[in-house]
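Subject: Structure handover

Hi,

Here is the structure I promised to pass on.

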Amino acid sequence: MFHLGVHKIQGESMLPVFKHDDFVVSFSCYNTHYRINDVVIVQHPSLGKILKRILSIEQKSVRLVGDNLQQSTSTQSLGLQPLSHIQGRVIWHIRAKPSYS
Amino acid sequence: MLHTIFSQLDSLLRFDTTAAHCDIPCKIYDPSTAQIAALSVIRFLDLINELDGASLSLADQAKLSRLVSEKETHAAKVKDEVRIIWGDYFKQPQFEKYPNTNELVHSIMLTGSACKTTIDRANGEKLLALVNEFADAFWKTKGVDTFTAECPYPPSEQVVYPKLG
């Protein structure tokens, strides 16, 4: 009926908002309606579980994009992903402590 | 505070990790890997076809099995390497310069699959020709001229090389 998940972020393709070692909580239920700009957890067929932002919605599929374009796989490489691959929308973001050096 | 709690929970429960990275933007792209893999496919096809008609010993059968496996691995490698360059390097300016790139890459995918499923040398030759065409376009997008020469090792096929230096 619904899915609640906690995920630890690895990587920097979603900078500046989502940083390496941050945690996110995702949620989905049977009637979740995703919107453009939602940050979602997607089970990608070749890249595994990824955190991306919805760039566009085309019928029952989405195009994804990383916030940090310089360090994210391109939208074209990510491909059109069916809505069924989305595991949930990020509803809570727990930031890692800033590191001062 | 919250992050500390989640970190402690993570050490106990091992939350899933989600990748907010995929490719390091190293900008190192080179079609030579795909070209060498395509040459390997032709070489494996030749070696497979050399065994045709002979009564195969157990050792020959083991060799045939390895050759077929390697042929398919290298055909898949061609597809992987080309797909990465097409997906990550080619962007609007490159597509504008070479508008038939998508069709070319699609042909490479189809021919790569044909090389996996058959032992027809013509498929291997076609795959190399297409990858050479792709390599030529790739180097031209970087303003690097190319030349064609016979590779100095079996299967002695024509390969597109960049003119560097």
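One definition to start with: a residue is buried if 20 or more other C-beta atoms lie within 10 Å of its own, exposed if 12 or fewer, and partly exposed in between, with C-beta atoms placed from the backbone. This is a predicted model, where local features need pLDDT of at least 70 and side-chain atom pairs count only at pLDDT 80 or more, while totals for chains, interfaces and linings use all residues. Residues are numbered from 1 along each chain as its sequence is written, and chains are lettered from A and ligands numbered from 1 in the order in which they are written.

Chain A overall

Chain A has one helix and seven strands, in the order β-β-β-β-β-α-β-β from the N terminus. Helices (H or I, at least four residues) and strands (E, at least two) are DSSP runs, numbered from the N terminus. Chain A has 101 residues, of which 28% count as buried. Two residues are in contact if their C-beta atoms, placed from the backbone, lie within 7 Å. Of the contacts in chain A between residues at least 6 apart in sequence, 52% join residues at least 24 apart.

Spots in chain A to look at

Most residues other than glycine have a negative phi, and most peptide bonds are trans. In the loop between E1 and strand E2 (23-29) of chain A you will find Pro16(A), joined to Leu15(A) by a cis peptide bond with omega of about 10 degrees. Asp21(A) also sits in the loop between E1 and E2, and its phi is positive, near 80 degrees. Asp21(A) counts as partly exposed because 15 other C-beta atoms lie within 10 Å.

Asn37(A), in the loop between E2 and strand E3 (39-44) of chain A, has a positive phi of about 85 degrees. With 9 other C-beta atoms within 10 Å, Asn37(A) is exposed. Lys97(A) comes in the segment after strand E7 (86-94) and is exposed too, with 10 other C-beta atoms within 10 Å. The C-alpha atoms of Lys97(A) and Asp22(A) are 8.6 Å apart, although 75 residues separate the two along the chain.

Where the chains meet

How many residues of chain A are in contact with chain B? There are 29, and they touch 16 residues of chain B. Strand E1 (2-10), strand E4 (48-58) and helix H1 (75-78) of chain A each give two or more residues to this side, and E1(A) has the largest share, with six. E1(A) also runs parallel to strand E1 (residues 16-19) of chain B, joined to it by four bridges; strands pair if DSSP finds at least two bridges between them. His7(A) stands opposite Asp16(B) in E1(B).

Chain B

Helix H5 (residues 101-117) and helix H6 (residues 121-141) of chain B pack at about 150 degrees, with their axes 9 Å apart. Axes are lines fitted to C-alpha atoms, for helices over the stretch in contact, and angles run from 0 to 180 degrees between N-to-C directions. That angle makes H5(B) roughly antiparallel to H6(B) (under 35 degrees counts as roughly parallel, over 145 as roughly antiparallel, 65 to 115 as roughly perpendicular and the rest as oblique). Among the residues making the contact are Leu104(B) of H5(B) and Phe134(B) of H6(B).

Last one: Pro154(B) and Pro155(B) are linked by a cis peptide bond, with omega near 15 degrees. Pro155(B) is in the loop between strand E2 (146-150) and strand E3 (158-162) of chain B.

Cheers
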